[in-house]
Amino acid sequence: MPPCAERDGDASGFRVGVDENGLGARLGPLIVTGVLARVSEAGARALERRLPVRMAADLGDSKRLVSHANVALGEAWARVLVGEDAPDPEALLARISLEGVAALRAPCPTHARTQCWGVEGEAFSAPSELVARVRGHRAALARRGVELLAAQSSVVCVKRLNDALASGQNRFVVDLHAMERLVLALRERAGGEVHAVCGKVGSMSDYPRRFGPLSGRLHVALEQGSARSRYRVPGLGELAFVRDADASSPLVMLASLVGKYLRELLMARVARAYGDARPSGYHDPVTARFVESCRALRRERGVPDECFERSARAQDG
């Protein structure tokens with residue numbers, strides 16, 4: 001049996017898995033995604049076991065299953081979880097966004113909005129047979145006692161990351177606070193306490209010291225260490241931060257797959273705004289060339305540097 005973040009309790013109830021995508025990037029947003037499920041006692045036990053082989057081929061570590069060049073699987077899961085009737089990626093983003101698209105666009109200079117909000121030519125790419133297969137996996141999980149209820153994502157754009165740094169918050173703290181907001185939102189959606197598992201944030205072990213939305217709340221530390229930190233928060237439930245949770249916890253795996261798709265969707269908008277290159281946004285030669293090649297065009301359009309690239313200190317954390 002692999003180590004699994006959900007093993008700390010096998011009573012029925014609500015489970016949440018949360019993970020980030022893009023924390024260490026140079027360009028593009030930080031995406032933090034949460035997935036909510038209702039589980040029976042049998043479902044809680046199922047989450048501790050290895051997934052069936054066919055399901056594991058489509059639900060696992062996002063680093064293994066999707067790539068910068070192919071996020072169709074993440075798209076398929078996002079569509080199945082959020083609503084297959086969404087006509088296009090823009091509508092899907094509007095449904096899954098925790099903040100709402102209007103709030104996300106609010107700080108954008110009008111003349112720079114195309115960089116992050118240009119949707120010309122945008123369309124779904126996951127084939128119908130892949131979406132149908134993922135739909136089947138969701139039904140199979142429900143039969144095992146794991147009912148997937150919702151997915152939500154928090155989008156933290158480059159400007160907000162740079163602004164946070166200027167106010168004294170590094171990227172790890174921004175990531176943690178986004179996780180807190182998502183867990184609180186999904187707890188409200190559940191209507192009851194949740195057992196939430198989040199991917200570990202950097203090298204943190206004492207999380208309450210850095211809490212934002214949860215600061216000031218009564219809590220009990222159940223354990224704190226390099227591999228896992230767990231807390232009991234009355235009214236919220238149990239909150240755990242687990243190293244490599246995206247390789248062991250099915251709900252965290254799912255959150256990471258959906259978040260990977262959303263990040264690539266938004267990075268593709270940046271790429272289209274300045275040409276046909278498809279930079280990953282991370283620290284690699286293609287991204288470095290892209291930054292240099294579009295410098296003159298960005299200046300011509302008056303795109304602020306703080307909206308395009310994370311400051312060196314924001315990248316380092």
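Student: In what order do the seven strands of the open sheet run?
Tutor: The model is predicted: local features need pLDDT of at least 70, side-chain atom pairs count only at pLDDT 80 or more, and totals for chains, interfaces and linings use all residues. Residues are numbered from 1 along each chain as its sequence is written, and side-chain values use heavy atoms, with hydrogens and water left out. Strands are DSSP runs of E, at least two residues, and helices are runs of H or I, at least four, numbered from the N terminus. The pairing is mixed, and the order is β3-β2-β1-β4-β7-β6-β5.

Student: Which are the edge strands?
Tutor: Two strands pair if DSSP finds at least two bridges between them. An edge strand pairs on one side only; here these are β3 (146-156) and β5 (220-224).

Student: Which residue in β3 stands opposite Ala37?
Tutor: Strand β2 (residues 30-39) pairs with β3 in the antiparallel sense, over ten bridges. Opposite Ala37 stands Leu148.

Student: Which residue in β6 stands opposite Val220?
Tutor: β5 and β6 form a hairpin with three residues between them. They pair in the antiparallel sense over four bridges, with β6 spanning residues 228-233. Opposite Val220 stands Arg232.
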